Amino acid sequence: MEMMEFIKVVILGMFEGLTEFAPVSSTGHMILVDEMWLKTDLFLGDYVANTFKVFIQLGSILAVVVIFRDRFRELLLSSQKSKRARLKWSHIITGLLPAAILGFLFEDFIDEHLFMLETVLIGLGAGAVFMIAADLHQPKEWKESVDQINHRQAFTIGMFQCLSLWPGFSRSGATISAGVLMGLSHRAAADFTFIMAVPIMLGASSLSIVNNLSYFQWTAIPYFAVGFLSAFLFALLSIRFFLKLINHVKLIPFAIYRFLLIVVICFLYF
């Protein structure tokens, strides 16, 4: 691994870790940065580079598991039959099924046709509009804790999560916005988003790796390892910061950032 290539995978991991759980689209940022400046496809190859962008998300997922370790321990040990109002695996499964099914059916199409600059810009804009609409929504009563979520709300959030299959839309932007529209507080919606992200992103990463295994070369392992570690460390920092911030600033500032990013990218690229 040459030093410049090492720096490039660290930078890509940094963008993944910093943006994975902010409603700005980590996939969109990685595609934009990679296509405009880093060009990892030149030393990894097209298919392996796409898999790399998916694989390093596992670093961010590990950061979620570390930060929410008490919640996951409780989920593993609690009984599904408990009558207490607590978040259960059935809520998580209900929420992740729609996007998991669509992602499985259209994974090849998404990889081949949607991982490009123009589609990311469309996703950034559409996601920003959706986030503003969510912030302008004022329910009669907020549910402050993720433990108050019901299965109807979980399923609705899961349906909106399907929008995040379009690169640039943002998984957290789609699901937090949907949660807010369903009456959850921004923090409760963010907690559900992060917890639900673990199984669905683990499945998406595994599927991408299996589908592109024939293109994989053992020489790529150091790149994957460095990118994974970079994403993990930066995600640890960004998740803690975001969870403290989200109930105070809400979604509109992130939507404004997305519009500004579109303008900057169009100016630089086109």
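1. A word on terms before we start: Asp, Glu, Lys and Arg count as charged, Ala, Val, Leu, Ile, Met, Phe, Trp, Tyr, Cys and Pro as nonpolar, and the others, Gly among them, as polar. With that in hand, the lining of the second largest pocket divides into 10 charged, six nonpolar and three polar residues. Please keep in mind that this is a predicted model.

2. Staying with the second largest pocket, its space comes to about 460 Å³. The lining has 19 residues, and Asp46, Tyr47, Asn50, Asp111 and Phe115 are the closest to the centre. Helices α2, α4 and α7 each contribute at least two lining residues, and α4 gives the largest share, with five.

3. The largest pocket holds about 600 Å³ of space. Its lining is made of 32 residues, with Gln57, Ser164, Leu165, Arg171 and Ala204 nearest the centre. Two or more lining residues come from each of α2, α4 (46-55), α7 (89-113), α10 and α11. Here α7 supplies the largest share, eight residues. By class, the lining has 15 nonpolar, 12 polar and five charged residues.

4. Now to the salt bridges, of which there are eight in the model. One of them pairs Arg171 with Glu20, at 3.2 Å from N to O. Arg171 sits in helix α10 (residues 171-181) and Glu20 in the loop between α1 (3-19) and α2 (26-38), so this pair ties together parts that lie 151 residues apart in sequence. Arg171 is partly exposed at 22% relative accessible area, whereas Glu20 is buried at 4%. You will recall Arg171 from the previous point, as one of the residues nearest the centre of the largest pocket.

5. Within helix α11 (residues 186-211), Arg187 and Asp191 are four residues apart, about one turn of the helix. Their side chains form a salt bridge of 2.9 Å, N to O. Arg187 is partly exposed, with 30% relative accessibility, and Asp191 is buried, with 10%.

6. Another bridge joins Glu74 and Arg71, whose closest N and O atoms are 3.6 Å apart. Both residues belong to helix α6 (residues 69-77), where three residues, or about one helical turn, separate them. Glu74 is partly exposed at 30% relative accessibility. Arg71, at 18%, is on the buried side, because buried means under 20% relative accessible area.

Terms used. Residues are numbered from 1 along each chain as its sequence is written. This is a predicted model: local features need pLDDT of at least 70, side-chain atom pairs count only at pLDDT 80 or more; totals for chains, interfaces and linings use all residues. Side-chain values use heavy atoms; hydrogens and water are left out. A salt bridge is a side-chain nitrogen of Lys or Arg within 4 Å of a carboxyl oxygen of Asp or Glu. Buried means under 20% relative accessible area, exposed over 50%, partly exposed in between (1.4 Å probe, protein chains only). On a 1 Å grid over the protein atoms alone, a cavity is a set of points where a 1.4 Å probe fits but cannot get out, and a pocket is an open set with protein on both sides within 12 Å along at least five of seven lines; lining residues have an atom within 4 Å of a point. Grid points are joined across faces, edges and corners, and a volume is the space filled by probe spheres set on the points.
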